[in-house]
Amino acid sequence: MLGVQKPAVAHRILLNRENEFEPFILFIIRGIWQSERKELARGLINKWVRQYKHLQDCALVFEYTEDVDTRILARIYQLAKRKDDINALNNVISSILSHHVKHKSLKTLFIYILKELSKHKNYLWAKLHWFKLEPFLRVLSRKEWIVVFDNLLFVPDINYDIEEILAIAADRFPKDVVEFFYKRITMHGWKKKSSHYDAIPFSLNTLNKPLEKNADIVIEELLKWFIRSAKWSIYWDGSHLIQSIFPTFHPLLEKKLIALIKSKTKNKERLIFSILKAYEGEPFLYAVSKELIRKYPKNKKYWREMFYLLSQMGVVSGEYGISGGYEKKIQEIKGWKDDKSIIIRRFAQEYETFLQKQIKAGKKRADEGIELRKRRYEEQL
């Protein structure tokens, strides 16, 4: 308010007692800019920029002002770039986001700054402004989004804030979002230097929705991962990402996997098993599972693998929770015994035998655990 109501006084203070009022420079100069003596603020800012003084404050002046001097911001960017002043660069972004609607040229400046921040592996802008970025990011071209993706590669975790940003891109550029995750997985050099880096998020909250809408593109691109590389990390992370995007499977994913089983694609079995392992033996896997069983009627190794895959279950409770889960699995494949295919009927019989053994072993472990706790309790009494 001092700067707004008494700009000449505020100006003299900053000229003569600059060091004493350093903690308040940003607010005073912002006030002068909003007053009738705006030229006083412009003169001080230009002077400080030439002297490389208070650069971070000068960059942030326009965040809450009604107008902006784009030439000043451009000069601050050039100097901050030369001096490797990361904080000043991030502050320029803060000012850009307040005025990008009226000043289209600021979008270009934003892209320049982002490229510079990527050189320093700095992604602070996304963490600070994720909740107000949508209007700005919606107007970015695909080429400009690539610059954003390249910067976000250095984010150690895809949390809610970064997911919100990626969800904006997924509506228009789902293929590039999938490629973004592939690059994260293959950033071995950066991951070794970083104390913590999760290429793929544990779960998705908002990003899965726009990606699922573009299932045809997303599934096609994700399946290419397994062909591009045979590394276990690609199979592990790729399968987990598929499960995160399509938690209840997807008709198109089922169709693609069945077609893959029937094809002559090399290493297709490893691909199929990797994806199925990401799910917990849910009934929606049965169509793909049956096709795989029919494809390899005499392969005991694959059948044992299917026993493991189909017998997976989520969290269970109680001493006999696991046994109860296996009993439910038996009920779920009951119809398999009446299947037209003799191969499926034979598999169902062997799978049920496997489950019965697991039930018996599970009950035995539960009984022993209960008995052991009883004896310990009696000894304490």
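Which backbone nitrogen does a side-chain oxygen of Asp-69 reach at the start of helix 6? This is a predicted model, in which local features need pLDDT of at least 70 and side-chain atom pairs count only at pLDDT 80 or more, while totals for chains, interfaces and linings use all residues. Residues are numbered from 1 along each chain as its sequence is written, and side-chain values use heavy atoms, with hydrogens and water left out.

The nitrogen belongs to Arg-71, and the oxygen of Asp-69 comes to within 3.0 Å of it. Helix 6 covers residues 70-83, and at 1.5 Å a residue its 14 residues should span 20 Å, which agrees with the 20 Å between its end C-alpha atoms; the expected span is 1.5 Å times one less than the number of residues. Ile-72, Leu-73, Ile-76, Tyr-77, Leu-79 and Ala-80 are its buried residues (under 20% relative accessible area, 1.4 Å probe, protein chains only), and they pack against several helices, including helix 3 (25-33) and helix 8 (105-119). After helix 6 comes Asp-84, whose phi is positive, near 55°.

Helix 21 (residues 300-310) buries Tyr-302, Trp-303, Met-306, Phe-307, Leu-309 and Leu-310. Viewed down the axis of helix 21, these buried residues fall within an arc of 165°, so they line one face of the helix, the arc being that of the directions from the helix axis to the C-beta atoms. On the other side of helix 21, Lys-301 and Arg-304 are exposed (over 50% relative accessible area).

Asp-157, in the loop between helix 11 (142-152) and helix 12 (160-172), makes a side-chain polar contact with the side chain of His-196 at 2.9 Å (a pair of N or O atoms within 3.5 Å, where one must be able to donate a hydrogen and the other to accept it, and residues adjacent in sequence count only if both atoms are side-chain atoms).

Notes:
Helix = DSSP H or I, 4+ residues; strand = E, 2+ residues; numbered from the N terminus. Contact = heavy atoms within 4.5 Å.
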